[in-house]
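Take a look at the model below. We will walk through it part by part.

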Amino acid sequence: MTRGWRKLLPLLALLLGAADVRPTQDYLSPEIRAAQEDPSRHPGWLWVEEGEALWGRGEPSCAACHGNIAGMAGVAARYPLVATDGALLDLEGRIERCRTQHQGESAFGRESEPLLALAAAIALQSRGMPVAVATDGPAAAFLEEGRHFYETRQGQLNLSCGQCHDNNAGRRLRGDVISNGLGTGYPAYRLEWNTMGSLHRRLRACSLGVRAEQFPLGSREYLTLELFLASRANGLPVEAPGLRR
Amino acid sequence: MQPVPITARITLPPSAQRGEVVTVRVLVRHPMERAVDAPGLTPVPRKILHTLRVTYSGEEVFRMALSPGIAANPYLEFTTIATDTGDLVFTWEEDGGTIYRREARLVVT
């Protein structure tokens with residue numbers, strides 16, 4: 001497919017009125033997309049390397065139970081998921097649990113460098129694999145909560161997520177192109193942040209953008225929303241660690 | 001001052017032929033703190049990597065002055081001509097005098 005056609009696709013979907021959810025990489029500029037695919041230019045790989053080093057550290061280390069990090073292929077594609085105790089966990093939440101329950105260490109803390117590094121290194125193993133989150137069984141109730149959050153108008157601007165990410169995807173909002181709002185690229189290196197960041201940090205920016213309440217990182221609101229976003233992305237490729245503006 | 005290691009990703013081709021133009025890509029982890037100096041804010045002195053020097057088998061092949069307008073974790077790319085198998089030595093000078101150093105081997109066949 002030529003580059004010109006790829007650019008037209010979101011517009012085409014808009015004209016057809018299709019509820020078509022496209023991978024975020026289709027909405028990136030050609031330069032950012034190329035850099036996202038190129039580890040020699042993607043600053044996120046600085047975190048990936050740190051995460052791979054952390055995989056071998058600790059007592060016991062991640063590797064002592066899980067083996068080579070390559071064995072994590074496909075794991076990130078299944079998150080967020082409902083743990084056996086009924087809690088909804090994202091990948092970062094799972095890493096923190098491993099750390100506190102199996103390694104006997106204190107939690108890294110949301111948005112800390114080592115947690116982002118480990119999440120990036122683990123998510124990379126699933127890069128290109130289709131998102132495959134469970135939406136039935138114990139996840140169904142969480143999914144409905146997330147759907148409700150997504151569809152509810154919020155904030156002083158009184159916007160729901162879909163008013164940008166469905167109705168206006170592919171069009172410009174200030175300097176950037178609106179995507180379908182998937183979390184498949186996170187943790188991602190955002191040029192605006194000058195660093196790696198989690199999906200929840202990005203969601204807080206979205207909440208601020210519509211002048212709504214910003215929920216804490218790892219809050220139930222963002223976890224259930226993350227699950228709903230992942231359900232929209234089911235079957236689309238994992239892009240993490242992504243590169244975003 | 002003794003050079004200290006720094007987190008960096010240096011990408012070279014796995015091998016090159018003599019006389020070939022090779023592309024060198026350098027990503028380095030650094031906050032590139034441009035000074036904060038405004039009323040009501042805690043002043044922070046400027047702390048950036050202000051110079052990068054690259055030698056190849058002892059000879060300088062690339063030098064760059066970096067400015068405060070450059071983003072954190074700066075990425076840059078340059079080319080050099082492969083002569084003999086040897087080490088590319090990267091040294092960054094930071095405000096305050098710290099010198100960071102990394103090496104990468106270029107294999108010439």
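Into which domains is chain A divided? There are two entries to find: domain 1 (3–40 + 134–244) and domain 2 (44–124). These bounds come from an automatic or database domain assignment.

A word on reading the model. It is predicted: local features need pLDDT of at least 70, side-chain atom pairs count only at pLDDT 80 or more, and totals for chains, interfaces and linings use all residues. Residues are numbered from 1 along each chain as its sequence is written, while chains are lettered from A and ligands numbered from 1 in the order in which they are written.

Now see how the domains meet. The C-alpha centres of domain 1 and domain 2 of chain A lie 23 Å apart. Across the boundary, 22 residues of domain 1 of chain A are in contact with 21 residues of domain 2 of chain A. Contact here means that two C-beta atoms, placed from the backbone, lie within 7 Å. On the domain 1 side, α7 (139–151), β5 (188–190) and α10 (220–233) of chain A each give two or more residues. α10(A) gives the most, with five residues. By class, this side of domain 1 has 17 nonpolar, three polar and two charged residues. Ala, Val, Leu, Ile, Met, Phe, Trp, Tyr, Cys and Pro count as nonpolar, Asp, Glu, Lys and Arg as charged, and the others, Gly among them, as polar.

Helices (H or I, at least four residues) and strands (E, at least two) are DSSP runs, numbered from the N terminus. The radius of gyration of chain A, taken over C-alpha atoms, is 18 Å, close to the 18 Å that the globule rule gives for 245 residues, so chain A is as compact as a globular protein of that length. That rule is 2.2 Å times the number of residues to the power 0.38. Among contacts in chain A between residues at least 6 apart in sequence, 70% join residues at least 24 apart.

Finally, find chain B. Its mean pLDDT is 94, and 100% of its residues reach 70 or more; pLDDT is the predictor's confidence in each residue, from 0 to 100. Where the chains touch, chain B supplies ten residues and chain A six. On the chain B side, β1 (8–11) and β2 (21–28) each supply at least two residues. That side has four nonpolar, three polar and three charged residues. The model scores ipTM 0.90 and pTM 0.90.
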